[in-house]
Amino acid sequence: MEKMNKVSVFAPASIGNVTVGFDVLGLAVKPIDDTLLGDVVSVEPAVGANKSSLSVIGRFADKLPSDPQSNIVWDCLLQFNQALVTENQIVHVVNIILDKKMPVGSGLGSSACSVVATLHALNAFYRDFFDQETMLKMMGQMEAKISGSLHYDNVAPCYYGGLQLMVPSENIITRTLPSFDDCYYVMAYPGIEVSTKAAREVLPTEYSRQDLIAFGQNLASFVDACHRNDKEQAFAQFKDVVAEPYRAGLLPNFELAKNYLYEQGSLAVGISGSGPTLFAVTDDLTKAKAMADWLTQEYLSTDLGFVHVCQVDIAGSRCL
Ligand code: HSE
């Protein structure tokens, strides 16, 4: 098999759940100022070496295990190599560099960024040996290894881009929905860590019939509105009955910020993934910038926090 010399792949941040679709909706986002909000992974041949290596650099590198072999990127390499062996392919020795630009436990799909960037880069290195569906399944397995349960709502948008709806089919897995591309998503990461595992443990194991009906109706109404480009309906019942009532307490000042942002004309406010990142939606850039300024003053808890005005990232992960 022919191999590439060096590839670098960027994988973008995403909003898991998108409020009305717990575990089944996800949206890839990118800052309007072109900041790379996501991870970059490079793969190159390890010339003369007899084993592969992983180095981690970047703003959030020190938040990851110091032993590179405990990093999910390393697991991705092992998994990918195993898949090559199963297909009777030659496995090459590579050097991988993870540029960890995403905070861990942020609700921005940080682990998905590392998983998607690594597996996409490895596949590109091997000239796209595996098809996209095979890659997405591998990405899902790796994400499950970290979060403790299989959910595609970060890896699917991160890989394919746009707004993704997970469908109950092992082969199709996800469908791209029309997204509101004129909307701005103001993303505010307060700078504290909330692990997805811990944020899943606070959820009830059973829900009432009333919640079940509300969940079904809100999600169906949103999906219908996406297909008709009906922003008003999409955000009219943009309520999370599954996770937000139980997780809001994990996010300092979430309720206060939510009320303020609605008063300022937000179309919607929600928790991104399992938090603590909050997102607010508006189709007015001036309002988006004012909300970003307010969130920077009022929502950030540490100097690791940040706020970005984003739009939908249609492209998903890509070679740089
Ligand atoms: N759907 C997952 C959860 C997303 O909310 O637990 C995690 O980013």
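## Aromatic pairs

A search of the whole structure turns up 13 aromatic pairs. Pairing here takes in rings of Phe, Tyr and Trp (its six-membered ring) with centres within 6.5 Å; planes under 30 degrees apart are stacked, over 60 edge-to-face, and the rest tilted. Keep in mind that this is a predicted model: local features need pLDDT of at least 70, side-chain atom pairs count only at pLDDT 80 or more, and totals for chains, interfaces and linings use all residues. Residues are numbered from 1 along each chain as its sequence is written, and side-chain values use heavy atoms, with hydrogens and water left out.

## Two pairs up close

Start with F180 and F235, a tilted pair at 5.7 Å centre to centre, with 50 degrees between the planes. F180 sits in the loop between strand 8 (174-177) and strand 9 (184-189), while F235 belongs to helix 7 (residues 231-236), so this pair ties together parts 55 residues apart in sequence. (Helices, H or I with at least four residues, and strands, E with at least two, are DSSP runs numbered from the N terminus.) Both F180 and F235 are buried, meaning under 20% relative accessible area, as against over 50% for exposed and in between for partly exposed (1.4 Å probe, protein chains only).

What about Y260 and W294? Their ring centres are 4.0 Å apart and their planes at 15 degrees, so they count as stacked. This pair also links distant parts of the chain, with Y260 in helix 9 (residues 254-263) and W294 in helix 10 (residues 285-298), 34 residues apart. Y260 is partly exposed at 26% relative accessibility, whereas W294 is buried at 16%.

## A ring cluster

Ring pairs also join F80, F125, Y126, F129 and F130 into a cluster.

## The overall fold

Zooming out, the protein has 10 helices and 13 strands. Its radius of gyration is 19 Å, close to the 20 Å that the globule rule gives for 320 residues, so the protein is as compact as a globular protein of that length. That radius is taken over C-alpha atoms, and the rule is 2.2 Å times the number of residues to the power 0.38. Along the principal axes, the C-alpha atoms fill a box of roughly 60 × 40 × 35 Å.

Of the 320 residues, 54% count as buried. Among contacts (heavy atoms within 4.5 Å) with a separation of 6 or more, 78% come from residues 24 or more positions apart.
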